Amino acid sequence: PESCLCAIEDGRVRGAVLGFSFPRKHEVVLFIQELFVDPTARKRGVGRRLVEALRNSFLNNPRVTVTPLVKAEANVLSFYNSLGFEHERMRRLAAGLR
């Protein structure tokens with residue numbers, strides 16, 4: 001539940017973020033697998049707030065590394081860079097996968 005969040009405004013879902021986590025040797029990795037924002041709610045900070053809320057829900061565990069799993073599109077990469085994610089730590093989906 002802590003890795004699946006929804007943004008609700010006026011009783012309607014305006015966005016959602018879905019992550020999944022798994023343990024590694026000395027850390028827990030939380031991948032941001034999906035981020036959806038209703039087209040009518042875009043450019044209003046909904047996506048940014050969802051990602052920040054997801055990151056914040058794991059702040060109490062210093063062993064958690066949050067890594068976006070993103071399409072290799074410039075605007076998507078720029079979005080995550082603007083949130084402070086390092087380019088090198090993002091995992092890109094292969095171009096043929098959808």
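Guide: Gladly, and let me begin with pairing: two strands count as paired if DSSP finds at least two bridges between them. Strands themselves (E, at least two residues) and helices (H or I, at least four) are DSSP runs, numbered from the N terminus. Please keep in mind that this is a predicted model, in which local features need pLDDT of at least 70 and side-chain atom pairs count only at pLDDT 80 or more, while totals for chains, interfaces and linings use all residues. Residues are numbered from 1 along each chain as its sequence is written, and side-chain values use heavy atoms, with hydrogens and water left out.

The protein chain has two helices and five strands, and along the sequence they come in the pattern β-β-β-α-β-α-β. E2 and E3 are antiparallel partners, joined over nine bridges. These two strands make a hairpin that leaves four residues between them, and proline 23 has valine 28 in E3 as its bridge partner.

Now to the charges. Side chains of opposite charge can pair when their charged atoms come close. Here a salt bridge is a side-chain nitrogen of Lys or Arg within 4 Å of a carboxyl oxygen of Asp or Glu, and by that rule there are three. Together they link Glu9, Arg14, Asp38 and Arg44 in a network.

Start at glutamate 9, whose side chain meets that of arginine 14 in a salt bridge with 3.5 Å from N to O. To describe their surroundings we need exposure classes: buried is under 20% relative accessible area, exposed is over 50%, and partly exposed is in between (1.4 Å probe, protein chains only). Arginine 14 is buried at 11%, whereas glutamate 9 is partly exposed at 30%.

Glutamate 9 also has a salt bridge with arginine 44, where the closest N and O atoms are 2.5 Å apart. Arginine 44 sits in the loop between strand E3 (28-37) and helix H1 (46-57), while glutamate 9 belongs to strand E1 (residues 4-9), so this pair ties together parts that are 35 residues apart in sequence. Arginine 44 is partly exposed, with 40% relative accessibility.

The remaining link runs from arginine 14 to aspartate 38, with 3.8 Å between the closest N and O atoms. This pair too joins distant parts of the chain, since arginine 14 is in strand E2 (residues 12-23) and aspartate 38 is in the loop between E3 and H1, 24 residues apart.

If we move along E2, we reach leucine 18, which is partly exposed at 36%. A contact means heavy atoms within 4.5 Å. Not counting residues up to four places away in sequence, leucine 18 touches several residues, including Ser3, Cys4 and Ile32. The C-alpha atoms of leucine 18 and leucine 54 are 8.7 Å apart, although 36 residues separate the two along the chain.

Beyond its neighbours within four places in sequence, its contacts include Val17, Leu18, Leu54 and Phe58.

A disulfide is a pair of cysteine sulfur atoms within 2.5 Å, and a search of the whole structure finds zero. The closest cysteine sulfur to that of cysteine 4 is in cysteine 6, 5.4 Å away, which is too far for a bond.

Finally, the nonpolar side. In soluble globular proteins, nonpolar side chains tend to be buried together. A nonpolar core here is a set of buried Ala, Val, Leu, Ile, Met, Phe, Trp, Tyr and Cys residues joined through side-chain atoms within 4.5 Å. The largest one has 17 residues, and Ile32 and Phe85 touch the most other members. E3, H1 and strand E4 (64-70) each contribute at least two residues to this core.

For the whole chain, 32% of the 98 residues are buried. Of the contacts with a separation of 6 or more, 46% involve residues 24 or more positions apart.
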